[in-house]
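Here is a protein chain to read closely. Questions and answers follow the structure.

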Amino acid sequence: KLGYGSLDDYYSDNTKISLGKTKEMGDFDVICDIFENRFDTTIKKNRSFYPTLDGIWKVIIDGEADKAWYIDLSNQKSTVNQNNSGENFTLFLPGSLLLDLVEGRRDAIEAFFQGEIQTSGIDDKELLMNFGRLLFS
């Protein structure tokens, strides 16, 4: 061995949640980490690629009000938090699906068309796809 890292290591994003971390933490803790760290970092990193994506997006996990996060894209300095700041768009999805999406085991578009991701206030499918691209890019 030459001591070089693998291609997976080279191309991996350090904001990705690892399976080891998922096993050590409870699902709710992992979901919090996904929103507060991974999504927050990813949005800040890639926000400039989606300048027309705006509004406040509410994401509700498992249909429970205390498992809701607000992603404020109303300006270029975006925020992710659990403080109710109103919303323009709402997504509903199971926590297990979110974990699968983050780990790359499932595809968000496929899950949407299978009815596993519900929406409210979103009429424009391109807008929804851009939101998904922003979070999972």
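**Folds, rings and a pocket**

Just after H4, Gly104 takes a positive phi of about 85°. This is a predicted model: local features need pLDDT of at least 70, side-chain atom pairs count only at pLDDT 80 or more, and totals for chains, interfaces and linings use all residues. Numbering starts from 1 along each chain as its sequence is written, and side-chain values use heavy atoms, with hydrogens and water left out.

Q: In what order do the elements of the protein chain run from the N terminus on?
A: Helices (H or I, at least four residues) and strands (E, at least two) are DSSP runs, numbered from the N terminus. The protein chain has six helices and five strands. From the N terminus on, the order is α-α-α-β-β-β-β-α-α-β-α.

Q: What percentage of the contacts with a separation of 6 or more joins residues 24 or more positions apart?
A: A contact means heavy atoms within 4.5 Å. Among contacts in the protein chain with a separation of 6 or more, residues 24 or more positions apart account for 63%.

Q: Which residues of H4 are buried?
A: Buried means under 20% relative accessible area, exposed over 50%, and partly exposed in between (1.4 Å probe, protein chains only). H4 is mostly covered, with seven of its nine residues buried. They are Gly95, Leu97, Leu98, Leu99, Leu101, Val102 and Glu103.

Q: How far apart in space are Ile34 and Leu98, C-alpha to C-alpha?
A: Ile34 lies in helix H3. Ile34 is buried, at a relative accessible area of 1%. In sequence, Ile34 and Leu98 are 64 residues apart; in space, C-alpha to C-alpha, the distance is 9.0 Å.

Q: What kind of aromatic pair do Phe35 and Phe39 form?
A: Rings of Phe, Tyr and Trp (its six-membered ring) pair if their centres lie within 6.5 Å; planes under 30 degrees apart count as stacked, over 60 as edge-to-face and the rest as tilted. By this rule the count comes to seven aromatic pairs. For Phe35 and Phe39, the centres are 5.2 Å apart and the planes at 90°, and the pair is edge-to-face.

Q: Why are Phe35 and Phe39 separated by about one helical turn?
A: An α-helix has 3.6 residues a turn, so residues three or four places apart point the same way. Phe35 and Phe39 are separated by about one helical turn because they sit four residues apart in helix H3.

Q: Which parts does the pair of Phe35 and Trp69 tie together?
A: The rings of Phe35 and Trp69 are stacked, with centres 4.4 Å apart and planes at 0°. Phe35 is buried, and so is Trp69. The pair ties together parts 34 residues apart in sequence: helix H3 and strand E2 (residues 68–72).

Q: Which residues form one aromatic cluster?
A: Phe35 and Phe39 are both buried. The aromatic cluster consists of Phe28, Phe35, Phe39, Trp69 and Phe136.

Q: Which element supplies the largest share of the lining of the largest pocket?
A: On a 1 Å grid over the protein atoms alone, a pocket is an open set of points where a 1.4 Å probe fits, with protein on both sides within 12 Å along at least five of seven lines; lining residues have an atom within 4 Å of a point. The lining holds 24 residues, and Ala108, Ile109, Ile117, Gly132 and Phe136 lie nearest the pocket's centre. The largest share, eight residues, comes from H6.
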